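Have the coordinates open in your viewer and follow along.

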Amino acid sequence: MKRASLLSLLLLAGCATTASAPRSEDAAALHARLLSLDTHIDTPMHFARPGWSFGEPHDPATDLVQVDMQRMEAGALSGGFFAIYTEQGPLTAEGYAAALAYARGRSDLIDRTVAAFPGRIAPALTADDAERLHRQGKLIAFKSMENSYELGEDIGLLDEFYARGVRLAGPVHGANNQFADSATDKPKWNGLSPLGHRWVQEMNRLGMVIDASHASDAAFDQMLTESKTPILLSHSSARWAFDHPRNLDDGRIRKLAANGGAMCISTIFLSDLNLAGERAALFARYEHISDLSPAEQVELARRWRELDRTQPLWNTDFERYMAMIMHVIEVAGVDHVCFAGDWDGGGGFVGFNDISQLPRVTARLRQAGYSDDELAKMWGGNVLRILRETQSVATNWVSVEDHSR
């Protein structure tokens, strides 16, 4: 692990290692061959936009989307977990019902979008599915659920979303809910609620991977202890890089690794989120971009790019991002690292704005001395391992239950 420490120092000093550095095209070719997964893709928010197609290229000057199929097919990303994100509402029967209807609609929208391109992308439910699709040259579409708020107080609804293809889910988002405390809210439950403890058990029973991103430190600790399977952080950064409650401290990163889990390193919260002035209004419009006309979408992109020059969303850069990656690898080990930029959900920064630039990370990691096998683990293998272990525990659980009857 000394190689990671050394490169971190070099990166922070603005230097670059040149010993045994492969040619950039070699790193790009390797990245295109790897089965690379991102565990949190917010692009479904764009799927219902008027006049917009996931299968077409989009100009960053006139479109804010960071993931489309052309960029995925270029070798930057093999696939990942397309998120069913449900905005937090009141913890009432009416709030739960509205959220459930929305989540069902978002799930159906993901299915329709993937089905529209049968020769290019296909749904995946297991690690074997992902590996098969990758061999076939198709893009991989898992589904995840960010925030379980839409379940209301009916844990049994997890069965429905499992049947809909969801294989990764988190209990909470930016505010406390009926399951857990959020990292960015004042403690209510001091971790998981009584219903949240049952949620963990049901996730294990079904064979769904538990996502601890957005959960409070106390909720993370309890999920780590109670889960019979390794857990993931689907899109989180290290508190070492920036002291923010959404980020994970080194001690918990070590505990996550010791329990077989993995941290999928994000691009967010390497600084404060800059929502001052006009930026806040633009971000609010962006979160409801599917309600805008094509002309309004272009105008939103134009104003957003103008602000990027003077008031960027994040005050960070690629060197700081790579330093954080190297630090997490040093703390957790290559068997417990993965990647998720929070693309189309606020992720990325000036100079590293979409998935077409992911091969830059592979190039830096090769320069640091990581082998092709180690890169394969971090880009997709670790996620598939956790998915397999989780589904194996569920299978064994069912077998024990059948035997007991």
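## The largest cavity

H8 and strand E7 (232-236) each give at least two residues to the lining of the largest cavity. Helices (H or I, at least four residues) and strands (E, at least two) are DSSP runs here, numbered from the N terminus. This is a predicted model, in which local features need pLDDT of at least 70 and side-chain atom pairs count only at pLDDT 80 or more, while totals for chains, interfaces and linings use all residues. Residues are numbered from 1 along each chain as its sequence is written, and side-chain values use heavy atoms, with hydrogens and water left out.

The volume of the largest cavity is about 70 Å³. Its lining comprises 13 residues, and those closest to the centre are Ala 212, Ala 215, Leu 233, Arg 246 and Leu 248. Sorted by class, the lining has seven nonpolar, four polar and two charged residues. In this scheme Ala, Val, Leu, Ile, Met, Phe, Trp, Tyr, Cys and Pro count as nonpolar, Asp, Glu, Lys and Arg as charged, and the others, Gly among them, as polar.

## How cavities and pockets are found

The search uses a 1 Å grid over the protein atoms alone: a cavity is a set of points where a 1.4 Å probe fits but cannot get out, and a pocket is an open set with protein on both sides within 12 Å along at least five of seven lines. Lining residues have an atom within 4 Å of a point. Grid points are joined across faces, edges and corners, and a volume is the space filled by probe spheres set on the points.

## The second largest cavity

How many cavities of 30 Å³ or more does the structure hold? There are three. The second largest cavity has a volume of about 60 Å³. Around it lie Leu 37, Asp 38, Leu 77, Tyr 321, Phe 339, Ala 340, Gly 341, Trp 343, Leu 358 and Trp 379. Eight residues of this lining are nonpolar, one is polar and one is charged.

The largest pocket holds about 790 Å³ of space. Of the 32 residues in its lining, Tyr 85, His 173, Phe 283, Glu 287 and Gly 345 lie nearest the centre. Strand E2 (79-85), helix H4 (93-115) and helix H10 (278-286) are the elements that give two or more residues to this lining. The classes here are 13 nonpolar, ten polar and nine charged.

In the second largest pocket there is about 340 Å³ of space. This pocket is lined by 22 residues, with Gln 66, Trp 304, Arg 305, Gly 347 and Asn 353 nearest its centre. H10 and helix H11 (294-310) are the elements giving two or more residues to the lining. Eleven of the lining residues are nonpolar, five polar and six charged.

Two packed helices are described by the angle between their axes and the distance between the axes. Axes are lines fitted to C-alpha atoms, for helices over the stretch in contact, and angles run from 0 to 180 degrees between N-to-C directions.

Helix H7 (residues 194-206) and helix H8 (residues 217-226) have axes that come within 10 Å and cross at roughly 40°. That makes H7 oblique to H8; angles under 35 degrees count as roughly parallel, over 145 as roughly antiparallel, 65 to 115 as roughly perpendicular and the rest as oblique. The crossing of H7 and H8 is right-handed, whereas a left-handed one has the near helix turned anticlockwise from the far one by less than a right angle, and a right-handed one clockwise. In contact (heavy atoms within 4.5 Å) are His 197, Trp 199, Val 200 and Asn 204 of H7 with Gln 222, Met 223 and Glu 226 of H8. Three of these residues are nonpolar, three polar and one charged.

The axes of H8 and H9 come within 11 Å and cross at roughly 20°, so H8 and H9 are roughly parallel to each other. Their crossing is left-handed. Asp 217, Phe 220, Asp 221 and Leu 224 in H8 meet Arg 252, Lys 255 and Leu 256 in H9, a set with three nonpolar, no polar and four charged residues.

## H9 against H12

Helix H9 (residues 250-258) also packs with helix H12 (residues 318-332), their axes coming within 9 Å and crossing at roughly 55°. H9 and H12 are therefore oblique to each other, and their crossing is right-handed.
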